[in-house]
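Here's a quick tour of one model, going from strands to helices to a few loop residues. Keep the viewer open and follow along.

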Amino acid sequence: MEYIVETRKLTKRFGKEFAVSDLAMKIPKGEIYGFLGPNGAGKTTTIRMLLGLMQPTAGSVRIFGSDLKKDRINILKKVGSLVENPSYYPHLTAAENLEVLRKIYGTEKNRVNEVLEIVRLSDVANKKVKGFSLGMKQRLGIAAALLNRPELLILDEPTNGLDPSGIIEIRNLIKRLPSIYGMTIVISSHLLSEIDQIATTVGIVSKGKMIFQDSIDVMRTFSKQSVVVKVNESEKAWRSLMAKGIQGELHDGKILLVDKTDQEIAAIIRNLVQNGHDIYRVEEDKRSLEDIFLQMTAEEERV
Ligand SMILES: Nc1ncnc2c1ncn2[C@@H]1O[C@H](COP(=O)(O)OP(=O)(O)OP(=O)(O)O)[C@@H](O)[C@H]1O
């Protein structure tokens, strides 16, 4: 597997506190890597080390197969980033702000229009940035990060503080990028719901440690499927199932059946009906990813 980013034993200590500890981050090419963790878990510190903005206490960072320490300039030329709130010249227009940066990068003149188009800001290209909403400013920040056609784009909490429509715009924008430009994207967030809708690979950090790293599909398999059956005389119904060797749990007058196949569920329902029970409701009770995330990070807290 080709990894665009690979850290080994990456560690950052502030005084006695380990903000990042022995982190092994592996980001495959072309993925949208959701970097997830509660506030203070070490996401920003990790991202700052990936961008060469902060020296690790120990460990290494490899990007595009090269060591960041040894090949910093060449690596960072191919990386775009949006960390914290970007600052702009408020009295200049969106296009003028990007033009300032374009000159620094030395990319061709038309690139400003291209990136404005990508982030859907072409209509307001000639408007002063001081009147922009936070969502527009974030999109302008992404436009700036795209100027030098990065192969790796790193976004630290890009939807923080945005309203729901701003969040959806940024999400749709980010989703389009890998397929069109072959880019690899890292996006950090403390909200699983956010990552769940964007990421293809997930890394979860808690207290500076990586506690889960795999594809979002593998993460989803952690959510156990169960079926809740609401039935009259639930206790009697439950006892009759138990007597037949069918495992279930009785909760609040409902029977919870965990990890059963469709055929097993059908047989159980038939059984209950034949025993004279009325079935009021048969519902899926999928343990949400949010629950799993909370459980994972809570388990880590206890250790
Ligand atoms: N410059 C610093 N000096 C001392 N401690 C720091 C410094 N930067 C971060 N920390 C500490 O390191 C830990 C991780 O912080 P970090 O900002 O990386 O977390 P985070 O996951 O990005 O959280 P958030 O989402 O709140 O930004 C925190 O306990 C924080 O207090």
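This is a predicted model: local features need pLDDT of at least 70, side-chain atom pairs count only at pLDDT 80 or more; totals for chains, interfaces and linings use all residues.

## The sheet

Now zoom out. The open sheet is formed by six strands in the order S7-S8-S9-S4-S10-S11, with mixed pairing. Strand S7 (79-82) and strand S11 (209-215) are at the edges with a single partner strand each, so one side of each has no neighbour in the sheet. On average, neighbouring strands here are turned by 15° against each other, direction ignored.

## Strand S4 and its two faces

How many of the five residues of strand S4 are buried? Five of the five, residues 32-36, so S4 is largely enclosed by the rest of the structure. In a regular strand, side chains alternate between the two faces of the sheet. In S4, both faces are covered: Ile32, Gly34 and Leu36 are buried on one side, and Tyr33 and Phe35 are buried on the other.

## Helices on the sheet

Which strands does helix H1 touch? H1 (residues 43-50) packs on the sheet against S4, S8, S9 and S10, and its direction makes about 150° with that of S8. Helix H5 (residues 134-146) packs on the sheet too, touching S7 and S8, with its direction at about 165° to that of S7.

## H3 against H4

Two packed helices are described by the angle between their axes and the distance between the axes. For helix H3 (residues 94-105) and helix H4 (residues 111-118), those values are about 125° and 9 Å. That makes H3 oblique to H4, and the crossing is right-handed.

On the H3 side, the residues in contact are Ala94, Ala95, Leu98, Glu99 and Arg102; they meet Arg111, Val112, Val115 and Leu116 in H4. Sorted by class, this contact has six nonpolar and three charged residues, with no polar ones.

## Glutamate 157

Is glutamate 157 buried or exposed? With 20 other C-beta atoms within 10 Å, glutamate 157 is buried, since 20 or more is the cut-off for that label. Glutamate 157 lies in the loop between strand S8 (152-156) and helix H6 (164-181). Leaving aside residues up to four places away in sequence, glutamate 157 touches Ser188 and Ser189. Glutamate 157 is 56 residues from leucine 101 in sequence, and their C-alpha atoms are 22 Å apart in space.

## Two positive phi values

Most residues other than glycine have a negative phi. Phenylalanine 64 has a positive one, near 55°, and is found in the loop between strand S5 (58-63) and strand S6 (66-67). Phenylalanine 64 is partly exposed, with 19 other C-beta atoms within 10 Å.

Glutamate 233 also has a positive phi, near 45°. Its place is in the loop between strand S12 (225-231) and helix H9 (234-243). With 15 other C-beta atoms within 10 Å, glutamate 233 is partly exposed.

Conventions
Residues are numbered from 1 along each chain as its sequence is written. Axes are lines fitted to C-alpha atoms, for helices over the stretch in contact, and angles run from 0 to 180 degrees between N-to-C directions. Helices (H or I, at least four residues) and strands (E, at least two) are DSSP runs, numbered from the N terminus. Angles under 35 degrees count as roughly parallel, over 145 as roughly antiparallel, 65 to 115 as roughly perpendicular and the rest as oblique. A crossing is left-handed if the near helix is turned anticlockwise from the far one by less than a right angle, and right-handed if clockwise. Two residues are in contact if their C-beta atoms, placed from the backbone, lie within 7 Å. Ala, Val, Leu, Ile, Met, Phe, Trp, Tyr, Cys and Pro count as nonpolar, Asp, Glu, Lys and Arg as charged, and the others, Gly among them, as polar. A residue is buried if 20 or more other C-beta atoms lie within 10 Å of its own, exposed if 12 or fewer, and partly exposed in between; C-beta atoms are placed from the backbone. Two strands pair if DSSP finds at least two bridges between them.
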